[in-house]
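Visitor: Please show me the chain, and then let us go through it question by question.

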Amino acid sequence: MLPVPDTAIIVVAAGSGTRLDAGAPKAFVGIDGHSILRHALEGVFAAAPAQVIVVAPAGFEGDAETELRAAAGQRRELGRVVTGGDTRQQSVAAGLAALWGDVSTVLVHDAARALTPPAVIDRVADAVDGVVGVIPTLPVVDTLKRVDGSAIVGPVDRDALAAAQTPQGFPRALLESAYAAALASGIEYTDDAALYAAAGHRVGHIPGDARGFKITTPADLERARQLLAAEPLTGPAVAAADPPPRGSHPRVGMGTDVHAFGGEGDLWLAGLVWPGEPALSGHSDGDAVAHAIVDALLGAAGLGDIGEHFGTAHPEYAGAHAEVFLARTRELLSEAGFVIGNVSAQFQGNRPRFSGRRAEAERVLSTALGGAPVSVTATTTDGLGFSGRGEGIAVTAVAIVHPR
């Protein structure tokens with residue numbers, strides 16, 4: 001049994017995302033392999049335990065429940081999904097109605113601020129007392145001007161301004177009374193701090209974080225993608241979080257292939273032709289490196305083996321070279337919902353002399369796999385075994401794929 005927390009986080013995910021223009025409610029638009037909502041919830045569940053209420057748009061409650069369970073891990077009993085209203089204020093009110101009785105501090109968080117670090121969430125919760133509301137802010141760095149139509153009227157002193165972020169934290173009793181007053185007045189406020197202040201309560205601020213920006217436009221979405229690609233979240237807060245669901249882990253596959261010398265024409269190995277070297281025999285070009293990589297990728301994705309997709313029952317691949325096999329394998333993985341992480345292969349043989357063309361081979365193989373990193377190494381066996389006797393080549397490959 002999880003202890004009942006005295007803090008709740010209402011994650012507002014009911015916005016339509018009109019300015020994002022992605023064909024779906026904003027919270028369910030993908031950043032990378034996960035949605036905006038999923039990233040927001042992973043940050044929330046990496047913070048100190050709290051009741052988590054996701055306010056979803058009507059018709060998307062099931063999608064929100066799926067994202068909530070995936071992000072919550074062992075804390076899923078702390079989560080709940082409710083249906084939002086026509087306005088943000090109505091959506092937050094729906095979240096307030098779902099609070100547990102023991103909750104005394106309420107944080108209101110926009111799902112669109114999906115990369116907000118867990119440490120910011122904890123700082124806001126810790127700063128709330130029984131009277132004062134708290135919001136995270138950043139200093140305004142742009143030069144601001146006051147305008148009248150197309151004319152510049154004058155400068156604005158940015159030292160007196162701050163850019164507000166979420167989550168915004170409040171004592172529960174005062175926030176609920178402020179919402180009741182707003183409902184009675186019929187006034188819609190732009191954020192919860194404004195509503196809280198309009199009821200006569202004081203709002204303080206603490207330092208926010210640049211990663212807590214709001215994803216509103218396509219440019220914001222691209223910025224989030226670049227940040228996730230370049231700077232994955234790390235540190236104690238993330239390390240302490242519950243593990244990701246099993247289906248989101250990378251998957252590893254291994255492939256082996258062996259071909260004897262004795263084929264016709266030139267040697268093809270690691271995507272390259274080797275003039276003057278004895279050819280390997282095989283259904284296609286005998287490229288044991290490429291074939292082992294194919295088996296490793298298919299195995300990692302659970303898609304069978306090379307014989308199933310490229311064997312003698314598929315005469316269209318007779319004589320085909322590495323780029324054909326690898327490009328088709330990448331298509332199969334993509335259709336099954338996987339992206340390639342990286343591939344490593346090693347072949348055993350006394351010939352050809354590989355080191356001088358290593359970079360060229362890796363470049364060709366990587367290009368065929370859509371740019372995924374590929375490394376290839378070669379070794380001899382000191383004259384032992386069939387490869388040591390110069391009868392053929394053996395290859396082992398390892399591949400990592402990621403569920404998309």
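Guide: Of the 404 residues of the chain, 45% count as buried, where buried means under 20% relative accessible area, exposed over 50% and partly exposed in between, with a 1.4 Å probe and protein chains only. This is a predicted model, in which local features need pLDDT of at least 70 and side-chain atom pairs count only at pLDDT 80 or more, while totals for chains, interfaces and linings use all residues. Residues are numbered from 1 along each chain as its sequence is written, and side-chain values use heavy atoms, with hydrogens and water left out.

Visitor: What is the mean pLDDT of the chain?

Guide: The term pLDDT is the predictor's confidence in each residue, from 0 to 100. It stays under 50 over residues 232-247, although 93% of the residues of the chain reach 70 or more. The mean pLDDT of the chain is 88.

Visitor: Why is the chain described as more spread out than a compact globule?

Guide: The secondary structure comes to 13 helices and 16 strands, counted as DSSP runs (H or I, at least four residues, for helices; E, at least two, for strands) and numbered from the N terminus. The globule rule, 2.2 Å times the number of residues to the power 0.38, is set against a radius of gyration taken over C-alpha atoms. For 404 residues the rule gives 22 Å, and the chain is called more spread out because its radius of gyration is well over that, at 29 Å.

Visitor: Is G286 buried or exposed?

Guide: G286 belongs to the loop between strand 13 (272-274) and helix 9 (288-301). Leaving aside neighbours within four places in sequence, G286 is in contact (heavy atoms within 4.5 Å) with H259, W268, L280, S281 and H291. Its relative accessibility is 0%, so G286 counts as buried.

Visitor: How far apart in space are G286 and A322, C-alpha to C-alpha?

Guide: In sequence, G286 and A322 are 36 residues apart. Their separation in space, C-alpha to C-alpha, is 9.4 Å.

Visitor: Which residues is T105 in contact with, leaving aside its neighbours within four places in sequence?

Guide: T105 lies in strand 4, which covers residues 105-110. With a relative accessibility of 11%, T105 counts as buried. Its contacts beyond those neighbours are D6, T7, A8, A125, V128, F170 and R172.
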